[in-house]
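This report describes the overall build of one protein chain and then turns to a single residue within it. The sequence and the structure are shown below.

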Amino acid sequence: PADVLVTVDAGRLWRAEQMGLFQPIESKVLAERLPAHMRTPDNQWFGFSARARVIIYNKAAVNPADVQNYEDLAHPKLKGKVCTRSGSHIYNLSLMSALIEHLGETKAEQWAKGVVANFARAPKGGDTDQIRAVAAGECGVAISNSYYYVRLMKSTKPEDRKAIAATGLIWPNQKSFGTHMNVSGAGVIKTAPNRAAAIRFLEYLTSDSAQTYFASGNNEWPVVKNVPLDNKALESLGKFKMDTLNISALGRNQPAAQKIFDRVGYK
Ligand SMILES: [Fe+2]
């Protein structure tokens, strides 16, 4: 039997919570080291590193001024230009959950409808496929998790060099709620045979060295304050305003997000 579940995306961690897999844990170390928005209110799961969901655009085809916000992706100006992976994928459901929190359900649904109306093609493939399609000009803009872009930035393959050269990265919503952030996270399993050790392991993940190591492994940002990056490509992207919505909201709004995507045909 397992002691700890480590996985990516707040939506998945929330699903595990809904299945009753976690137990709440009391830890002074986690409470002190992790920022409040990386801890769920009843301490069942936590975020240990962060990824951004960004906008990638084709430099030759799209004016970056037109795509500074998630909301812009629904503007008729971008008709036939938007590419994303499937709406049933957890990354998009979690982004939608954040938008529901910030904009309210009505506006969030209008947004989803607008995005679907702007599709260059029916959703297919993963985030890297969207970046490649933007580079190739099949799409003008795409939504992608940041680490997929960083992976391409680090690649020495000629086609990846070309993809990076042809595209730009935008941190969405810098003038409002900040760029949507998601996490790699973990919680202690309800039936953990080694409960005390499991808690100590999660506490260890908040140490400076573990934060740098854990975050770098997937080209993500440490969540503990003042922990240095050890990742030149990620560092080169610079600083930006991150959304500090509590990760529990990304879970709580999943059912509403799914209903909206179903209604607007975002498959
Ligand atoms: Fe991923």
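Contact here means that heavy atoms lie within 4.5 Å.

## Contacts and fold

The structure is a predicted model. In the protein chain, 77% of the contacts with a separation of 6 or more are accounted for by residues 24 or more positions apart. The chain contains 12 helices and 7 strands.

## Dimensions

Along the principal axes, the C-alpha atoms of the protein chain fill a box of roughly 55 × 40 × 35 Å. The radius of gyration is 19 Å, which agrees with the value near 18 Å that a compact globule of 267 residues would have.

Of the 267 residues in the protein chain, 55% are buried. The accessible surface comes to about 11,800 Å², and carbon and sulfur atoms contribute 53% of this area.

Gln-44 is located in the loop that runs between α2 (28-33) and β2 (46-58). Buried means under 20% relative accessible area; Gln-44 therefore counts as buried, at 11% relative accessibility.

The side chain of Gln-44 is joined to that of Asp-42 by a polar contact of 3.0 Å. When residues up to four places away in sequence are not counted, Gln-44 touches Glu-17, Phe-22, Gln-23 and Pro-24, together with Gly-187 and Val-188.

Technical notes:
Residues are numbered from 1 along each chain as its sequence is written. This is a predicted model: local features need pLDDT of at least 70, side-chain atom pairs count only at pLDDT 80 or more; totals for chains, interfaces and linings use all residues. Side-chain values use heavy atoms; hydrogens and water are left out. Helices (H or I, at least four residues) and strands (E, at least two) are DSSP runs, numbered from the N terminus. Buried means under 20% relative accessible area, exposed over 50%, partly exposed in between (1.4 Å probe, protein chains only). A polar contact is a pair of N or O atoms within 3.5 Å; within protein, one must be able to donate a hydrogen and the other to accept it, and residues adjacent in sequence count only if both atoms are side-chain atoms. The radius of gyration is taken over C-alpha atoms; the globule rule is 2.2 Å times the number of residues to the power 0.38. Accessible areas come from the Shrake-Rupley method with a 1.4 Å probe; for residues, only the protein chains shown count as cover.
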